[in-house]
Amino acid sequence: MDILETIVANKRREVDRQKKAVTLDFLLASGAQRLGAPTCSMRRSLEASQSGIIAEFKRRSPSKGWLHSAARVEDVILAYGRGGAAACSILTDSDFFGGSLGDLRRARSLVKLPLLRKDFIVDEYQLYQARVLGADAVLLIAASLTAKECKNFAVIAHQLEMEVLLEVHREEELHHLNEHVDMLGVNNRNLGTFDTDINNSFRMIERMKAEVGSDAPLFVSESGISDTGVIRQLRDAGFRGFLVGETFMKTEDPGETMSAFIRKIEKR
């Protein structure tokens with residue numbers, strides 16, 4: 001069993017426990033006020049941003065261990081907002097990434113930036129969780145879903161007025177693309193081995209352009225990004241969003257690291 005299979009199996013057990021502890025009816029009733037609140041478009045924010053940075057909040061990685069065990073949402077997310085992030089990605093997986101659903105809830109109370117719930121979505125219950133806790137967008141990982149599941153989850157996300165970032169790693173996973181996908185991301189990290197290769201985005205981009213129609217999703221490059229020069233090359237290739245996590249979170253002050261990173265991008 002590879003790392004992704006291990007994470008997904010654990011996630012299914014976790015979601016089953018959550019559904020027993022908090023039924024969907026109770027979740028929706030308790031979150032009625034949030035369900036009625038408007039969402040913020042992550043896609044439009046990325047389109048309008050000069051940097052396109054999606055700044056990620058995560059405390060640990062399965063491959064790197066703890067990056068910033070004491071990181072607090074209150075410190076990091078506010079700094080991301082002040083520093084010019086176009087959107088924020090919040091890791092809500094606890095066992096492998098050190099996150100929590102509470103991190104997403106607190107982030108929503110602090111900033112008006114678009115928030116992406118980044119997790120391993122395996123059940124529609126998680127989509128309702130995401131909306132109630134304040135997410136504007138959700139991540140769907142092609143490697144952990146069937147194409148049918150991906151489309152069903154994307155439809156529900158749109159019904160809940162959230163956008164969808166579909167993540168692929170290999171060309172074959174582009175078959176998961178459907179008309180309900182707002183953003184198409186390339187993960188430069190192989191989720192089976194957690195090896196990272198930034199060139200994966202450059203290898204995938206032409207096939208992505210050929211696969212989409214006239215109403216194309218916005219292209220996002222994810223993981224392994226630590227060089228502003230690479231971001232310029234990715235933008236020239238056609239990407240408009242850049243998800244960066246470890247480069248910021250492994251430092252003492254993730255917000256200041258991100259601000260300096262964005263300043264370098266904008267000097268172009």
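In this predicted model, Ser223 sits in the loop that links strand S9 (218-222) to helix H10 (228-237). Is Ser223 buried or exposed? Its relative accessibility is 7%, so Ser223 counts as buried, the cut-off being under 20%. The side chain of Ser223 has a polar partner: a contact of 3.3 Å joins it to the side chain of Arg189. Other residues surround this serine. Setting aside neighbours within four places in sequence, Ser223 touches Asn187, Asn188, Arg189, Thr196, Ile198 and Leu243.

Asn187 leads on to the next feature. This contact of Ser223 is also one of the residues nearest the centre of the largest cavity. Phe97, Lys118, Phe120 and Leu191 are the others named there. In general, rolling a probe the size of a water molecule over the atoms shows where empty space is left. Here the count comes to one cavity of 30 Å³ or more. The volume of the largest cavity is about 140 Å³, and 15 residues line it. What classes of residue make up that lining? Seven are nonpolar, six are charged and two are polar.

In soluble globular proteins, nonpolar side chains tend to be buried together. The largest nonpolar core in this model has 88 residues, and Ile53, Ile77, Tyr80 and Leu140 touch the most other members. Helix H7 (residues 124-133) supplies the largest share of this core, with six residues.

Take Leu140 as an example. Apart from neighbours within four places in sequence, Leu140 is in contact with Ile121, Leu145, Cys150, Phe153, Ala154, Val164, Leu165, Leu166 and Glu167.

How values were computed:
Residues are numbered from 1 along each chain as its sequence is written. This is a predicted model: local features need pLDDT of at least 70, side-chain atom pairs count only at pLDDT 80 or more; totals for chains, interfaces and linings use all residues. Side-chain values use heavy atoms; hydrogens and water are left out. On a 1 Å grid over the protein atoms alone, a cavity is a set of points where a 1.4 Å probe fits but cannot get out, and a pocket is an open set with protein on both sides within 12 Å along at least five of seven lines; lining residues have an atom within 4 Å of a point. Grid points are joined across faces, edges and corners, and a volume is the space filled by probe spheres set on the points. Ala, Val, Leu, Ile, Met, Phe, Trp, Tyr, Cys and Pro count as nonpolar, Asp, Glu, Lys and Arg as charged, and the others, Gly among them, as polar. Helices (H or I, at least four residues) and strands (E, at least two) are DSSP runs, numbered from the N terminus. Buried means under 20% relative accessible area, exposed over 50%, partly exposed in between (1.4 Å probe, protein chains only). A polar contact is a pair of N or O atoms within 3.5 Å; within protein, one must be able to donate a hydrogen and the other to accept it, and residues adjacent in sequence count only if both atoms are side-chain atoms. Contact means heavy atoms within 4.5 Å. A nonpolar core is a set of buried Ala, Val, Leu, Ile, Met, Phe, Trp, Tyr and Cys residues joined through side-chain atoms within 4.5 Å.
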